[in-house]
Amino acid sequence: MGRQSFGTPLQSQPSAEPSRGPIGALIHLLPLRADLAKLDLIQSLDAWRGQVRIAIRSLYLLIRGAQSDLEEAGVGRGALIAAATARGGSFGIDGIPDVSPLQHMAADYVKTAAQELTGIACRVVDLDPTDPPAVLQERLLTEVTAAADG
């Protein structure tokens, strides 16, 4: 079987629209998408690669694209990388049986980024996807604000 590509490299582009200024925080919500949150039987290796491309490769590319702006801002000015996961709100400790491995992969990638990008605060926010949207929004805001405060 031949080696598969995850897509083309990120093109060199301006970090943000000039009128909006540099990127100060990155909050990755894609793992909350319903079809990526639960463990489903993967029908093929290509389907699994597609899910990884969507959930994890996108996080990698976003971090890579925002890295220079975030490093320039630094923790002192609130630079933040955060990813929301849908593991029940307890980081999978409660043993929810049908959580997709993509949820753990996203969290682990943010932990890796925290080791490599020491001048940027990195945080994983685990949410219960069965909570109402208002609760999810409040929990996310609370966690991200706490990360910014130290």
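Tyr60 is partly exposed, at a relative accessible area of 28%; the term covers values between buried, under 20%, and exposed, over 50%, computed with a 1.4 Å probe on protein chains only. This is a predicted model, in which local features need pLDDT of at least 70 and side-chain atom pairs count only at pLDDT 80 or more, while totals for chains, interfaces and linings use all residues. Residues are numbered from 1 along each chain as its sequence is written, and side-chain values use heavy atoms, with hydrogens and water left out.

Rings of Phe, Tyr and Trp (its six-membered ring) pair if their centres lie within 6.5 Å; planes under 30 degrees apart count as stacked, over 60 as edge-to-face and the rest as tilted. By this rule there is 1 aromatic pair. Tyr60 and Tyr109 form this edge-to-face pair, with 6.4 Å from centre to centre and 85° between the planes. The pair links distant parts of the chain, since Tyr60 lies in helix α2 (residues 45-73) and Tyr109 in helix α3, 49 residues apart. Tyr109 is likewise partly exposed, with a relative accessible area of 24%.

## Helix α2

Helix α2 has 29 residues and spans 40 Å from its first C-alpha to its last, close to the 42 Å expected at 1.5 Å a residue. The expected span is 1.5 Å times one less than the number of residues. At Gln67, α2 bends by about 55°, the bend being the angle between axes fitted to the seven residues ending there and the seven starting there. Gly74 follows α2 and has a positive phi, near 70°.

## Arg87 in its loop

Arg87 lies in the loop between β2 (80-85) and α3 (101-116). Arg87 is buried, with a relative accessible area of 6%. The side chain of Arg87 makes a polar contact with the side chain of Thr85, at 3.3 Å. Such a contact is a pair of N or O atoms within 3.5 Å; within protein, one must be able to donate a hydrogen and the other to accept it, and residues adjacent in sequence count only if both atoms are side-chain atoms.

## The protein as a whole

The protein has 4 helices and 3 strands, in the order β-α-α-β-α-β-α from the N terminus. Helices (H or I, at least four residues) and strands (E, at least two) are DSSP runs, numbered from the N terminus. Of the 150 residues, 34% are buried.
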